[in-house]
Every structure is written in C-alpha cells, then in structure tokens.
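This report covers a few selected helices, their packing and some individual residues. The sequence and structure are shown first.

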Amino acid sequence: MQTSNFVFKTVDEMRSAFKDEYSTYLYSRGLNPTVDMLRKKLAALDEAEDCLVFNSGAAAIFAAVLANVKTGDHIVSVKAPYSWAQKTFDVFLTRFNITTTYIDGTDITNFEKAITANTSIIYLECPNSWDYSLQDLQAVAQLAKKHNIVTICDNSYCTPIYQKPITFGIDLVLQSATKYIGGHSDTVAGVLSGSSEMMARIFNSEYLNIGSGIQPFNAWLLLRGLRTLPARLERISATTLEVIKFLQSNPKVEKVIYPLDESFHQYELAKKQMKGAGGLLTFVLRAETACEIETFCNSLKHILMAVSWGGYESLIIPKVAGMERLTFDRNIADHQMVRLYVGLEEATYIIEDLQQAFDKMKE
Ligand SMILES: *Cc1c(COP(=O)(O)O)cnc(C)c1O
C-alpha cells in the first residue's frame with residue numbers, strides 16, 4: 001500500500017491515533033499495512049512476539065543499540081562485528097561517553113571478565129561473516145540475564161530458517177534483510193525482533209525519530225522474497241557443499257572455513273545451534289603476493305566481485321581489497337582470505353569458473 005498517510009472520518013479517531021501511533025495507521029513513517037504483513041511473517045520466523053522492519057540492516061543495529069544505552073554505559077561486543085556496528089560503538093557512542101570492550105566471543109569466560117557494573121548491552125554476531133566464529137548463545141543469554149544486561153544478536157548469516165537466537169534466550173535478534181530475505185540483490189532492508197514491550201518502546205522512540213522504517217514497496221519486495229526463501233536456501237546450501245569439496249581438494253587452497261564443515265573449530269557448537277549454513281564461506285589461498293590473489297579474482301568470468309550476499313548470483317571479495325598491497329603479508333592467513341558467496345547457479349558453472357581462475361594464478 002504505497003501511501004504516505006491515512007484518512008480519518010472523525011476528529012475523535014484522529015485524536016486516538018495521535019495518542020497511540022503503534023495501534024493505528026496514521027503516517028507511513030510509522031505503521032503501514034504492507035509493512036505490517038511483513039512484520040507478522042518475520043516475527044513468526046524468528047519466534048519473536050513482534051518485530052520492526054527498517055530501511056537497512058545498519059538502521060536496525062543502530063536502533064537496537066541506541067534504545068538500550070545511556071550516557072556512561074558500557075557495551076561488551078564480540079570482536080570484529082559488522083563494520084557499521086563497530087562504527088556505532090567506536091565513532092558515534094564514544095561522543096556520549098559510552099565505551100565498548102571487544103572480546104573473543106568463542107570463550108564464555110571472556111564475557112564474564114568483560115562485564116562491569118554499567119554494562120547494558122552484550123552484542124553478538126553469530127556466526128561472524130568472515131571467519132564464522134560463534135558464541136554459545138544459550139550460555140551468553142543466561143549470563144546476561146543474571147546481570148540484567150540486554151543481549152543483541154546479528155543473525156544475518158543464518159537467517160531464522162537456520163538459527164533462532166530468541167529460542168536460546170537472546171533478547172533482540174536482527175538481520176540484514178538485504179541478504180537472503182530479499183534474495184534478489186534489489187532491496188536494502190533490516191529486521192529487528194524481540195518482545196512486544198521492547199518493540200513498542202523502540203517504535204515510539206528510535207523508529208519514528210530516526211525515520212528509518214522500510215518503505216511499503218520495499219516491504220512488498222521482501223514479502224515476495226520470503227515466498228522462495230526456504231527453497232533458495234536449500235538449493236544454495238547443497239551447491240555450497242559441492243563447491244567446498246572442490247576447494248578442499250584444490251592445491252591452491254590452504255583451507256576452507258565454513259561453520260558446518262567438520263574441520264571448523266566450533267563444529268559441535270555450530271551443529272547444536274544451527275540447522276544449516278547457507279552459501280557464505282571463506283577460503284585461504286596459497287598465494288605469495290597480493291597480486292596473485294588479485295589475478296585470481298580479476299580472472300573470474302561469472303562470479304562477480306561485489307559486497308553483500310544472499311542474492312541469486314555468486315559473489316567474491318578478497319581480504320586484500322580492504323588493504324594496501326604493500327601491507328600484504330603471506331604469513332598472515334587473514335590476508336590470504338577470499339570470501340565467496342555461492343548463489344543459485346549450478347555447482348559446475350561455479351567450479352569451472354573458479355578452476356580457470358586458479359589456473360591463471362600461475363602465470
Ligand atoms: C550486510 C550486513 C549488515 C548490514 O545490513 P545492511 O542491510 O547492509 O544495512 C549487518 N550485519 C551483517 C552481518 C551484514 O552482513
């Protein structure tokens with residue numbers, strides 16, 4: 001329903017809408033019927049009481065964090081969270097004397113050690129979207145409840161199809177709907193789910209105030225994306241296993257990092273928390289120089305070089321794209337990382353493209 005405002009028949013109806021915008025259609029910066037259909041479906045998928053849909057995943061992160069801090073507070077975050085989460089903590093919140101401690105979230109004792117009397121948020125990203133490191137969601141949720149701390153988990157990697165953090169006791173779960181929910185690389189959006197009480201509070205403050213709610217047409221695109229979400233994930237996950245098998249047998253590849261591969265250092269925890277892992281994986285190339293990695297990436301014919309993932313097309317990002325060539329060190333495995341998103345193409349189409357690009361590396 002592509003409209004900015006809604007009509008009232010009587011002054012009294014309008015008066016009650018002004019009083020409580022969260023239960024009436026007044027203006028599309030707030031509620032909108034198409035967005036509401038989407039909210040119901042997404043909340044059900046997350047097994048949450050309610051959810052809000054934002055104009056980006058970054059906006060969902062920002063609202064969730066902002067709603068749960070005040071001046072002088074402290075945040076415990078997993079290290080290397082999504083870049084704009086980290087910028088919220090390091091650039092924005094420091095202006096309000098809110099500090100953040102980054103920890104290795106693979107060990108629960110690190111959370112215990114980092115908590116202080118003014119910790120108000122524990123921020124999780126499970127799995128991380130480069131090295132896929134996990135947190136024990138149930139253990140972190142229990143610890144946080146004991147200290148009256150709000151837990152927020154970025155679930156973009158799994159989507160609620162493969163992992164439901166709320167069922168482990170996490171308070172707020174968010175995801176970039178730009179990725180698998182949209183699924184066609186044509187919309188930017190974000191989802192934030194939690195209790196009715198928390199969602200109402202965020203709606204009446206951050207959501208309306210920042211004005212970053214999703215637009216009706218984009219909400220419709222996500223409703224359309226949801227219709228094929230399970231089928232897309234199933235196909236992508238199956239193709240990904242074939243691509244991983246190929247990569248693991250390739251002499252140019254040092255190792256493949258994927259949470260549901262037996263070689264993954266937290267494989268047992270991954271199996272416990274996740275029903276699947278989708279199409280995002282990282283491989284470490286055996287490359288002596290940054291140029292070799294660049295030759296590999298530049299030689300790909302079908303796999304596209306672009307940020308994001310979750311769409312129909314396979315994508316690649318080398319770690320070296322985010323650093324200067326001269327700082328490349330072949331002894332640091334991170335520098336040789338290449339992140340691959342496996343899309344909806346046939347496995348052979350992707351594998352043949354990777355093979356011909358590996359062959360070019362030698363030249
Ligand atoms: C893409 C992404 C986001 C941000 O979502 P946008 O829709 O791009 O704003 C947040 N977290 C993770 C893990 C992401 O991959």
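The side chains of Glu294 and Arg325 are joined by a polar contact of 2.7 Å. A polar contact is a pair of N or O atoms within 3.5 Å; within protein, one must be able to donate a hydrogen and the other to accept it, and residues adjacent in sequence count only if both atoms are side-chain atoms. The model is predicted, with local features needing pLDDT of at least 70 and side-chain atom pairs pLDDT 80 or more, while totals for chains, interfaces and linings use all residues. Residues are numbered from 1 along each chain as its sequence is written, and side-chain values use heavy atoms, with hydrogens and water left out.

Glu294 belongs to helix 11 (residues 290–299); helices are DSSP runs of H or I with at least four residues, numbered from the N terminus. Apart from neighbours within four places in sequence, Glu294 is in contact with Val320 and Arg325, where contact means heavy atoms within 4.5 Å.

Helix 3 (residues 57–66) is mostly covered, with 8 of its 10 residues buried. Buried means under 20% relative accessible area, exposed over 50% and partly exposed in between (1.4 Å probe, protein chains only). Among the buried residues are Ile61, Phe62 and Val65. At the start of helix 3, a side-chain oxygen of Ser56 comes to within 3.4 Å of the backbone nitrogen of Ala58.

Two helix pairs are listed below. Axes are lines fitted to C-alpha atoms over the stretch in contact, and angles run from 0 to 180 degrees between N-to-C directions.

| Pair | Angle | Axis separation |
|---|---|---|
| Helix 3 and helix 8 (residues 196–211) | about 135 degrees | 10 Å |
| Helix 9 (residues 216–248) and helix 12 | about 25 degrees | 9 Å |

Helix 9 is therefore roughly parallel to helix 12, and helix 3 is oblique to helix 8. Angles under 35 degrees count as roughly parallel, over 145 as roughly antiparallel, 65 to 115 as roughly perpendicular and the rest as oblique.

Lys362 is in the segment after helix 12 (347–361). Lys362 is exposed, with a relative accessible area of 61%. From C-alpha to C-alpha, Lys362 and Ala85 are 39 Å apart in space, and they are 277 residues apart in sequence.

Terms used
Helix = DSSP H or I, 4+ residues; strand = E, 2+ residues; numbered from the N terminus.
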